[in-house]
Number of protein chains: 2
Amino acid sequence: MVTGYTGKLLRVDLSSGRITEEPLNEDYAQAFIGGSGLASRYIYDMVTTSTDPLGAENPLIFITGPLTGTNAPCCGRFTVCARSPLTGFWGESNSGGIFGPNLKFAGYDGVIVTGSSPKPVYLEISEGKAGLRDASQLWGQDSYQTQVKIKEEIQEPKASIACIGIAGEKKSRIAAIINDHGRAAGRTGLGAVMGSKQLKAIAVSGNARPRLAAEESFTQAVREAYHILKNDMTAQMFRLGGTAIYTDIGMMYGDVPTRYYTQGDFDVSNLTGGAMEETILTDIVGCYRCPIACGRKIKLDKYGVSEADGPEYETIASLGTMLLIDDLPGIAYAGHLCNLYGLDTISTGATIAFAVYLFEKGGLSLADTDGVELKWGDIDTVIKLIEKIARREGFGSTLADGSLSLARRYKAEESAVHVKGLEVAMHDPRAFSGMAVTYATSPRGGCHLNSDFFFMEMGVEFPELGILSSPREQWTESSKERAQMAARHQDWRSIYDALVLCKFANLPASLITGLLNSATGWYTTPQELLKSGERIFNMKRLVNLKFGLKPEDDRLPSLLLEPLADGGAAGNVPDINLMLEEYYRFRGWNRTTGKLEKEKLQELGLDRLA
Amino acid sequence: MVTGYTGKLLRVDLSSGRITEEPLNEDYAQAFIGGSGLASRYIYDMVTTSTDPLGAENPLIFITGPLTGTNAPCCGRFTVCARSPLTGFWGESNSGGIFGPNLKFAGYDGVIVTGSSPKPVYLEISEGKAGLRDASQLWGQDSYQTQVKIKEEIQEPKASIACIGIAGEKKSRIAAIINDHGRAAGRTGLGAVMGSKQLKAIAVSGNARPRLAAEESFTQAVREAYHILKNDMTAQMFRLGGTAIYTDIGMMYGDVPTRYYTQGDFDVSNLTGGAMEETILTDIVGCYRCPIACGRKIKLDKYGVSEADGPEYETIASLGTMLLIDDLPGIAYAGHLCNLYGLDTISTGATIAFAVYLFEKGGLSLADTDGVELKWGDIDTVIKLIEKIARREGFGSTLADGSLSLARRYKAEESAVHVKGLEVAMHDPRAFSGMAVTYATSPRGGCHLNSDFFFMEMGVEFPELGILSSPREQWTESSKERAQMAARHQDWRSIYDALVLCKFANLPASLITGLLNSATGWYTTPQELLKSGERIFNMKRLVNLKFGLKPEDDRLPSLLLEPLADGGAAGNVPDINLMLEEYYRFRGWNRTTGKLEKEKLQELGLDRLA
């Protein structure tokens, strides 16, 4: 058996209640590594064009990678994949904490869930054994209550629980999966997939440890990686101020979406990492074996909350600047509610902001909003709307399915800021033009994580792999070279999502390769690994093509092609056409069909699939 | 003649009015490069133990380096050196803008001013010619008026003027030299040296250009350097938010001195680069050929100022947090007054903060302060005190000679935060322990620029030279390795001060060496250049030993050895003794005498001097 992995997958069919164990497909692992890479290969075989994302037939995979559960830094994450009920395309989301390591310690690399349970259940996996337990009493409980009660019931205080709140139960298409208190696999609505299967939670615990092929080399590489991260400036900044440290920096770049992407400048001095420290911060926390610890603990006296997870930058923007709100405790409380009910903060904030935008334009009226006036800068209404979304009450039920659904209902598709149905994340492509092409082409839609190209444009490059943000004069300049670099950056970040390695761990490619080789016993090189990244990225493309993806889905919403009047990105518009043309050519994709050209399929060893 | 330089120095004896030209000593240039390195070699020959810093005998040198005036990025600075009237030790300060390039364009690498004029004069250097002009009408004028009037008089609108305001005229020992609107050679009181010589200003202009030894290689290296800086994350951050972008980041590290170094935490959300952008910013500006442009232009409606230079981080801390003031326009106005009157903002703010500290402790009373109550958080009083310092009115006359003078007068030497008489800059050694040993040993005293080790501890390292902030676990941990790295970092930064290259230009050592070689025709290597840095650092030491330096002057003030109760550096105290012991050993300095050991003198080729 290849080391680094447990070598075992769990298959759970909720319709029949049958649970089986199967060996990890080592050929798949060699080609697709792990995490969402490996999941894309498994899912490809299990879906058709007509797979209903909320039907029993949609496979839901919880999966780790070859570094998960080892001592390597920043490898505490796990990934969830399925067909997305929000987009209808490839669904993928990963989350931190310690659920991922605990899944491995429980004896499995991953769990493939199919079918639909006749009644609410949760899955318990411990020490190589698995079973389904009744969750009727848990149905309707929030994500924090659920975690506490399951730990009590299974008598495993150290277990990790990944679960849904009421939003997932009610199949909100922007529902998240919550684990380890307030960590979230937020994007693409995978909480609704759990809800549709009546799977309230998965609990994992155990004492297994992944075997390592070359323990001494691995330990040495781990030591080097810790050393680098402890000295890395961006890592230190995130430790210092959380991801919120980016709020004012981002605003100066013009990168922080404001007033539903229509305003360039906004005073965010109340929303910075420093402001959080001065007001609501109680502690800093990290995922499993993370020397960065960007997580924050907070208290919200005004709302009677003694402990909550502090808002990330993405939450501060989506529930704050997007709505012209600069009330940090209010935003933090709104984020806390999203965690409790199991909602993706980005999609929730963006959908509410879109509703406010439509209301202002006259596209929504009081008759549509249950008589609630929607306006900018109104945190109280945002909080009320989150409650209604979670419960699918009135207008909340409309918002619960996200921006595109709202746009379709009110004939405002032209102004919804989404790609492939996923609300665009909190980095403006008018500030960093490379984001234009990565948003347009990310397998899951308007995603800032498949390629966090904004960081590359700020200077976080991968010179060993030739992934450079240059040649360029300005980060707002569109160019063919940038389109090529965006593709390579997506490929390399696809490896991060396969390992599963946090994207704040900007380690040299040779060191990452060394970690993987010494864990698994493989002999890959950084360049080969980058090629695997390209294979993985295109594997997800093949899944999306199966789901009916067309070239016109690789687009940028029109609102992001309107120049802003003010702020750090004023006047800029990315040349999305120039970059997309070059991107398609460089990727070996056919511009008319959106499909991979035959040569590219052969080059990547994917020709038998397509 | 060696290229890169003009090959000529100007000697001006103000007592006799005699102006002569002499060839640059090329042996000196090879060994000490330029800037303050070269100046230290010249000054060594011209001073004795008893040289009065405010006497005619104190030589005052304005000097450039071999890259000044070329197309190399971030080489717009020039350096002023003399015996410091504030410290009695080595005095050095550099400033940006375009005065340095203009001095070269006027035909000279530097100007050595001696003697004292019987009446106020200014020196005009243009196109290889120099003359003294009457400055009686300019005496008493502020630095901005002076610049405007001289440009009119000499009919050179593009000339650069370096001048003093009334603080320098009145020989305030914290007086600065101001050039190119509001750029300042602030530290060590060199404005008072100009004042003591009745030299109001130096005006430079011309069209000469430095010759390059290997123009093509130089151009290529320049292109690479621009490219790197445009992609460098810290450089981009400084462009984005000015140096004020560090205010809240620094506060989170516990690095921002607050309430005269006695408080660890303070809400600085009004004092960030982002806050400046939202309130008073009008434009961003850069020095000659600088792709970073950290400079800010502001307007201060409340104070009726339509254009001023925005406060740097150091000014925000010294005139802000040090005094518990978070009123950004007020701080900016106080900084603007310092520019007008020609005062160093760091020493001015620190001296006022020390007075407030003493007043609170009872060490100063209303009888001492002209009846003014000194308290924290009082910007109006700070503004009034700056006016009084500049005019040497009442209590202002006491403050005008800096913290140590104030401490001596009121028997409070134990609590004054200075090293060798220079007020410690705005980086707390309890946050970054490497700063403890660099403050203690910097040739000019409590200086954050001879080694900006805080940046190294944040991750800005020089791996090519083996200058690394590690091995370490935490930036607050003192260690022998850190003492060694601090010494090497000082050596390397001494090269920056010799070139003269801005310290925000974190370029690879090989590229800096390439720029120097292709400009001059030399064949040095990065390691040899680092050795030259060590020679320069020790040359300044030899000057200081001539001025009576003793090992006990290499110290850290006791207030900085008291742990803070709160903030990012709470509880930390650098182990200054451990680091100093190792530092002396590593430097080849005798612990008893403070002098260089014979072997070290020989190794550096300085044995004939000592």
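Me: Why is B:T315 called buried?
Reply: B:T315 has a relative accessible area of 7%. Buried means under 20%, so B:T315 gets that label. Keep in mind that this is a predicted model.

Me: Where does B:T315 sit, and what is it in contact with?
Reply: B:T315 belongs to helix α11 (residues 313–318) of chain B. Leaving aside neighbours within four places in sequence, its contacts are B:G320, B:I331, B:G335 and B:T345.

Me: What makes A:K171 partly exposed?
Reply: Its relative accessible area is 33%. Buried is under 20% and exposed is over 50%, so A:K171 falls in between and counts as partly exposed. You'll find A:K171 in the loop between α5 (166–169) and β10 (177–179) of chain A.

Me: What is the phi of A:K171, and of A:H181?
Reply: A:K171 has a positive phi of about 55° without being a glycine. A:H181 isn't a glycine either, and its phi is positive at about 65°. Most residues other than glycine have a negative phi.

Me: Which peptide bond is cis in chain A, and which in chain B?
Reply: In chain A, a cis bond joins A:L499 and A:V500, with omega about -15°. In chain B, the bond from B:L499 to B:V500 is cis, with omega near -20°. A:V500 is in the loop between α19 (480–499) and α20 (509–520) of chain A, and B:V500 lies in the loop between α19 (480–499) and α20 (509–520) of chain B.

Me: How many residues of chain B are in contact with chain A, and how many salt bridges are counted between the chains?
Reply: 35 residues of chain B touch 35 residues of chain A. The salt-bridge count between the two chains is 0, while 4 residue pairs are in polar contact across the interface. Helix α8(B) gives the most to the side of chain B that touches chain A, with 6 residues.

Me: Which residues touch the most other members of the largest nonpolar core?
Reply: A:W492 and B:W492, in a core of 354 residues. The contacts of B:W492 beyond four places in sequence include B:F462, B:L465 and B:P526.

How values were computed. Residues are numbered from 1 along each chain as its sequence is written. Chains are lettered from A and ligands numbered from 1 in the order in which they are written. This is a predicted model: local features need pLDDT of at least 70, side-chain atom pairs count only at pLDDT 80 or more; totals for chains, interfaces and linings use all residues. Side-chain values use heavy atoms; hydrogens and water are left out. Contact means heavy atoms within 4.5 Å. A salt bridge is a side-chain nitrogen of Lys or Arg within 4 Å of a carboxyl oxygen of Asp or Glu. A polar contact is a pair of N or O atoms within 3.5 Å; within protein, one must be able to donate a hydrogen and the other to accept it, and residues adjacent in sequence count only if both atoms are side-chain atoms. Helices (H or I, at least four residues) and strands (E, at least two) are DSSP runs, numbered from the N terminus. Buried means under 20% relative accessible area, exposed over 50%, partly exposed in between (1.4 Å probe, protein chains only). A nonpolar core is a set of buried Ala, Val, Leu, Ile, Met, Phe, Trp, Tyr and Cys residues joined through side-chain atoms within 4.5 Å.
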